[in-house]
Structures are given as structure tokens and as C-alpha cells.
Amino acid sequence: MAETFLDIRNLTVEYQTDEAIVHALTNVNLTVQRGETLGIVGETGAGKTTIAKSIMRILPQPQGKIVSGEIYFNGENLLALSEKEMQKVRGNKIAMIFQDPMTALNPIETVGYQIAEVIRRHNKISQAEADRRACDMLEMVGIPMERFSEYPHQFSGGMKQRVVIAMALACNPELLLADEPTTALDVTIQAQVLDMMRSLKEKLETSVILITHDLGVVAEFCDSVAVAYAGEIVERGTVEHIFDNPQHPYTLGLFGSLPRLDSKERRLKPIKGMMPDPTNLPSGCRFYDRCPHAAKECAEASPPMVEIEPGHTVKCCRLKGGAAQ
Amino acid sequence: MTPLLEVRDLKKYFKSRYGTLHAVDGVSFTLDAGKTLGVVGESGCGKTTLGRTVLHLIEPTDGQIFFEGKDITRPKKKELRRLREQMQIIFQDPYSSLDPRMTVAELIMEPLVLKGGMPKADMLAETRRLMDTVGLAARFENAYPHELDGGRRQRIGIARALALKPKFIVCDEPVSALDVSIQAQIINLMLDLQEERGLAYMFVTHDLSVVKYISDDIMVMYLGQVVEKAPADELFENTLHPYSKALLSAIPIPDIHHKKKRILLKGEISSPINPKPGCRFMSRCQYAQEQCSQPQKLVEDTPGHFVACCRYKEIKEKEEVKQA
């Protein structure tokens with residue numbers, strides 16, 4: 001069997017604060033194949049961004065700490081690399097798009113310079129050559145290259161996000177981590193940016209991890225989905241598995257909470273209560289107090305990840321031995 | 001029957017260094033008691049300014065506002081104070097709209113204190129009732145906003161808006177900063193309150209799925225003007241304006257079997273400073289023609305369904321031919 005492109009094994013991450021330890025991720029296992037687009041969905045504080053930052057090894061220091069686990073990228077454990085070796089991977093083989101295009105760019109450098117800087121950092125080429133490639137990147141994301149020498153404040157939000165995407169793709173990365181890339185944008189601009197990302201992804205054969213809270217974006221953009229809740233992956237499968245046959249009570253709750261354009265229902269079905277405090281997590285199932293199906297056994301131990309059909313796994317002990325509801 | 005609120009040809013211009021910014025430019029609508037008017041549009045379309053101008057948080061440049069049949073366009077100071085009891089607002093950001101140095105009880109009691117004339121004990125009892133109404137547990141009475149999550153903070157915002165028993169509330173993106181599961185809790189709360197108290201809402205948002213869900217009528221705005229207005233279901237089933245069509249087609253639907261044609265708009269919203277007299281969507285519209293550079297009027301297509309596009313009939317006919 002060919003080695004997995006990205007293989008995250010038993011990743012546990014903590015943030016240490018003065019008062020307490022925040023358990024950001026607990027035993028996360030996740031694989032991504034070459035060319036796959038994985039959507040990670042979940043609410044604020046579920047640990048989505050922490051997964052991406054762990055892969056990039058840019059957790060905030062000194063609070064962020066990878067307690068255990070391995071992240072294999074093309075068979076190589078990223079967590080075992082020296083910082084110097086990691087710098088060659090970051091921005092080159094793995095690139096990240098941050099949520100807020102307004103703050104991700106340097107306000108006192110031209111956008112062209114900023115893109116060329118990334119290219120120069122990872123390739124031994126002249127400034128002129130880097131500038132030329134930066135121009136190509138701008139054109140590729142739909143910005144006329146005449147705007148090479150303009151500053152970020154001269155661009156609108158959608159244009160800035162295009163620049164950020166151009167920077168991320170400048171070195172033709174094998175893996176792109178996109179953290180809520182369109183959340184700060186208006187819907188019509190979001191549609192433009194997603195459309196552009198989709199065609200670039202196909203052209204460059206990049207694998208993508210898309211982090212979002214918007215299930216609509218996942219349905220349109222992703223091949224597979226991982227649902228994160230309170231620092232754990234609670235359900236994982238293809239988009240067909242998750243959208244046609246969601247099994248974890250939390251996933252079901254997420255769908256029930258969405259106002260749908262195509263439904264006539266007069267009341268939403270929210271999930272009661274709130275996510276548990278990450279400094280004080282329950283020992284059993286973390287969804288226990290919000291779950292409509294909770295039973296005694298759920299509070300006792302953390303449920304195992306069960307495969308209910310090939311490629312579709314669910315972390316819920318009430319599903320053991322088939323899809324019991 | 002007189003509508004609860006009637007707005008006629010409301011305008012709000014801002015002077016800027018580069019010219020006059022037409023934030024709200026000739027908006028008219030009526031709203032009945034107990035109903036919800038959704039106002040949608042993208043950043044910079046003037047939806048927030050519209051809400052604030054109606055409430056006199058910003059003074060209108062031109063136009064008229066009637067509340068319960070009475071002209072309130074230029075209220076006197078005293079009158080405005082009384083008016084504010086009737087018309088309230090819930091702000092978008094529950095993180096910055098609450099005074100961090102006041103406790104939950106103090107925050108909710110503040111409107112009652114400002115109104116005056118109520119003994120302290122009654123105010124406290126009323127505060128507790130309000131907390132109960134919006135689903136805030138009594139144990140949070142002495143908590144400060146920073147100790148609470150976004151959903152609970154927004155409940156404080158709602159309790160404050162309800163404190164003086166208003167008839168009309170402007171809800172300015174009240175759930176946009178919240179996670180979906182919490183968003184659903186707040187939307188249900190707002191619907192329940194509307195039913196119990198006969199509140200009228202003007203619900204300003206960029207989230208079209210939320211607006212369809214909560215509204216009776218929806219108004220689509222583009223660069224300070226209303227381009228289309230219709231009952232909620234009608235707007236989604238029989239969209240007429242090219243901008244509304246593009247906007248609706250851009251919403252990602254959480255259903256993998258939903259295949260639809262997406263209309264990708266070229267370019268971005270143009271500047272609201274010194275706009276040309278014609279259709280403001282013209283530069284991005286695939287149907288734009290000579291006649292579009294003339295000022296557009298809102299015309300009624302079917303009862304209650306208004307559209308501001310001189311070519312909408314032609315476009316509709318063409319599409320029907322295409323489909324047949």
C-alpha cells in the first residue's frame with residue numbers, strides 16, 4: 001500500500017495558561033490522501049485551527065504544546081524535524097491561508113513584493129525572476145498584474161484574500177491549509193473565491209484541508225469531512241456519508257440547527273446547552289450533557305471510534321454493532 | 001389599518017472628502033405590528049445605516065418616518081426619549097456592545113433606571129423576570145460580560161432591548177457572531193418573543209438563509225437602494241432582479257445533491273460616493289443596456305412584489321423561453 005500523504009496519529013495538544021490547562025486536542029487521528037479535499041467542521045473552540053497550526057508547527061509559544069502524537073507528511077514525521085528543516089516545508093510544501101485577509105498582509109510592503117518574497121525564500125532565483133513569477137500568480141488569482149506595486153489598503157477584502165491565496169500557492173505546495181478562507185467575505189465574493197480555489201486546486205493537484213463552520217461550503221467544495229467537537233474528531237467520512245447518513249448526535253444537531261432555504265419548518269432544532277469547558281472536560285463522551293440519546297455508559301468512558309461502513313467512522317458508543325438510533 | 005412603521009423616501013447622505021456618500025438613497029417601506037421585515041445586502045449596501053436612521057440614532061438627510069401614523073421625522077428631544085421606549089435595537093456584536101464594567105443585572109436594569117419612576121425593588125424584580133424571559137439563569141446576575149460566552153451575551157442584549165416593552169426592534173445582525181447551534185437557540189427565542197409580545201422586527205443581515213427563515217417580507221438592498229422587495233417565499237421562488245438572483249445563487253447549500261447554476265458576478269460593488277443616476281448594479285449586470293443608465297423605479301410585479309429593474313420583464317420572458 002502506498003504511504004498515506006498526510007497521517008495525523010494520536011495528536012494531543014494543550015495550551016498552558018496561568019490558571020489552567022486548556023485541552024485543545026485529544027487523540028486526534030486523521031488522514032488525507034493526495035488530491036483529497038478534506039473539510040473540518042465544528043464550532044468555535046472545537047480545535048479546528050489548532051489542527052492546522054500543529055501541522056504547520058506554528059502553535060502560539062510558549063503556551064501551545066504538542067503533548068503526544070505524530071504527523072506524517074509523505075512518510076516523514078513533521079514533529080521530529082528541526083526548526084530549520086521545518087522552515088523548508090512551511091510555505092513551500094505546506095502552505096496556509098488565514099481567516100482574516102485584513103490582517104494577514106504586511107501593510108507597508110506592496111502585494112507584489114510580498115508574493116515574490118515567499119518565492120525567493122524557497123527558490124534560488126533572482127529578484128527579477130521572482131517578480132515575474134509573482135506577476136503570474138496575481139494573474140492566476142484574477143488580479144491584473146498592473147496592481148503589483150499597490151499596497152494592501154488599496155485592495156478590497158475579496159482582492160486581499162486573493163492575494164493571500166496567491167502567496168500560499170506561490171511555491172506550488174502539495175498541501176494547502178485553508179482556515180475559514182471565505183468567512184470574512186460577502187457571499188457573492190465568497191462564490192468568486194471558492195470558484196477560483198476549486199479551479200486552482202484541480203490545476204495544481206493540491207490537497208486541501210478546508211476549515212470552516214459553514215456546512216454549505218463543505219457540501220460544495222470538499223470530498224470528505226471530519227466533524228470536530230471539543231478537541232476530538234467525532235465523525236469522519238466522505239461528503240456522501242456525512243450529508244446523506246450523518247450518525248453522530250452532534251453532527252445531526254448541527255444539521256438541525258441550520259436554517260434551510262429549502263425547508264418550510266417554523267422552528268429550528270438547536271442543540272441544547274453549550275460545549276464543555278476545555279479546561280475541565282468530562283471523562284466520558286464530551287457531548288454527553290447535550291446529547292438527546294445519552295445513556296449511563298456514555299458518561300463512563302470516552303467512546304471508541306467505530307467504523308459503521310467502509311470509510312465512515314463515528315465516535316459514539318450507542319452505535320456499536322450497527323446504526324442504532 | 002395604519003402600519004406600525006412607515007418610511008417614505010428616506011435618505012441619508014454623508015459628506016466625505018471625496019464627495020457625497022449616498023448610504024441610504026430613497027428607501028420606502030411599511031411594517032405592521034407583529035411582523036418581520038428582513039433587510040439583506042452585502043457590506044456597504046446601507047442596511048445598517050437604514051436601521052439606525054429609522055431609530056434616529058443617525059438623523060436622516062431627507063424623507064419621512066411615521067410611527068403609529070405619527071410623523072416622527074424631526075422629533076423634539078422629549079418626544080425622542082418617549083419614542084426610544086417604543087423602538088429598540090439589538091446590536092451585532094455582543095462583545096463590544098456591553099459595558100464591561102457592569103454586571104448582567106446592572107446591564108439589564110439600565111434602561112429601567114434611565115426611564116426612572118420605578119422603585120428599586122420593582123426594578124430588580126423586573127430584571128429577574130427579563131433574565132428568565134431570555135433564558136439567562138439567575139446565577140449570572142452578578143457576572144460580568146467577559147465571563148459569558150457570545151450566546152449568553154446576546155441574550156443580555158435582547159433583555160436590554162425588551163426592558164421598556166417596545167413595539168419595534170431593529171435587529172442588526174444579531175446572530176452573525178454566533179456559532180450555528182447557539183444561533184438557532186437565539187433565533188427561536190426571538191420568534192417566541194415576537195409571538196408572545198406582538199413585536200415587529202426589522203431584521204438586518206447578510207445571511208440569506210436566516211432571513212428567509214425569520215422574515216415575512218424581505219427587502220434586498222444594493223448601494224443604498226432597494227432593488228427588490230417581496231414576501232419571503234415569493235422572493236426565493238420568483239426572483240426578479242438580476243442582483244437578487246446572483247445573491248441567492250451564491251449561497252452555499254448544505255446538501256450535496258443540490259445542483260444549481262451559480263451566477264458568478266464580475267467585479268465588486270462600486271463606490272457609493274456621487275453615484276450616477278442610473279441603475280447602480282449596471283456595471284456588474286450581465287443584462288445591462290443603454291436604458292439602464294436611466295434612474296430605476298420600483299414597480300409592482302405581482303401584489304407585494306416590487307422590483308427596480310427596467311428589463312426584468314424581458315429577462316423573465318427570455319428565461320421562460322429558454323426553459324421551455
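Reader: In this predicted model, does A:G253 count as buried or exposed, and what decides it?
Author: A residue counts as buried if 20 or more other C-beta atoms lie within 10 Å of its own. A:G253 has 22 C-beta neighbours inside 10 Å, so A:G253 counts as buried.

Reader: Which residues does A:G253 touch, leaving out those up to four places away in sequence?
Author: A:G253 is part of helix 10 of chain A. Once residues up to four places away in sequence are left out, one contact is in chain A and another is in chain B. The residues touched are A:I271 and B:S181.

Reader: What separates the C-alpha atoms of A:G253 and A:V314?
Author: Along the chain, A:G253 and A:V314 are 61 residues apart.

Reader: How are helix 10 of chain A and helix 6 of chain B oriented to each other?
Author: Two packed helices are described by the angle between their axes and the distance between the axes. Here helix 10 (residues 249–257) of chain A and helix 6 (residues 180–197) of chain B have axes that come within 8 Å and cross at roughly 45°. The crossing is left-handed. The two helices are therefore oblique to each other.

Reader: How many nonpolar, polar and charged residues are in the contact of helix 10 of chain A with helix 6 of chain B?
Author: Helix 10 of chain A brings A:G253, A:L254 and A:S257 to the contact, and helix 6 of chain B brings B:V180, B:S181, B:Q183 and B:A184. Sorted by class, these are three nonpolar, four polar and no charged residues.

Reader: Why is chain B as compact as a globular protein of that length?
Author: Chain B has 10 helices and 12 strands. For its 324 residues the globule rule gives 20 Å. Chain B is as compact as a globular protein of that length because its radius of gyration is close to that value, at 21 Å.

Reader: Among contacts in chain B between residues at least 6 apart in sequence, what share joins residues at least 24 apart?
Author: The C-alpha trace of chain B spans about 70 × 50 × 45 Å along its principal axes, and 43% of its residues count as buried. Of the contacts between residues at least 6 apart in sequence, the share joining residues at least 24 apart is 65%.

Reader: Which helix of chain A do the buried residues of helix 9 of chain B pack against?
Author: The buried residues of helix 9 (residues 242–249) of chain B are B:P242, B:Y243, B:S244, B:A246 and B:L247. Within chain B they pack against helix 7, strand 9, strand 10 and helix 10. In chain A, their partner is helix 7 (187–204).

Technical notes:
Residues are numbered from 1 along each chain as its sequence is written. Chains are lettered from A and ligands numbered from 1 in the order in which they are written. This is a predicted model: local features need pLDDT of at least 70, side-chain atom pairs count only at pLDDT 80 or more; totals for chains, interfaces and linings use all residues. Axes are lines fitted to C-alpha atoms, for helices over the stretch in contact, and angles run from 0 to 180 degrees between N-to-C directions. Helices (H or I, at least four residues) and strands (E, at least two) are DSSP runs, numbered from the N terminus. Angles under 35 degrees count as roughly parallel, over 145 as roughly antiparallel, 65 to 115 as roughly perpendicular and the rest as oblique. A crossing is left-handed if the near helix is turned anticlockwise from the far one by less than a right angle, and right-handed if clockwise. Two residues are in contact if their C-beta atoms, placed from the backbone, lie within 7 Å. Ala, Val, Leu, Ile, Met, Phe, Trp, Tyr, Cys and Pro count as nonpolar, Asp, Glu, Lys and Arg as charged, and the others, Gly among them, as polar. The radius of gyration is taken over C-alpha atoms; the globule rule is 2.2 Å times the number of residues to the power 0.38. A residue is buried if 20 or more other C-beta atoms lie within 10 Å of its own, exposed if 12 or fewer, and partly exposed in between; C-beta atoms are placed from the backbone.
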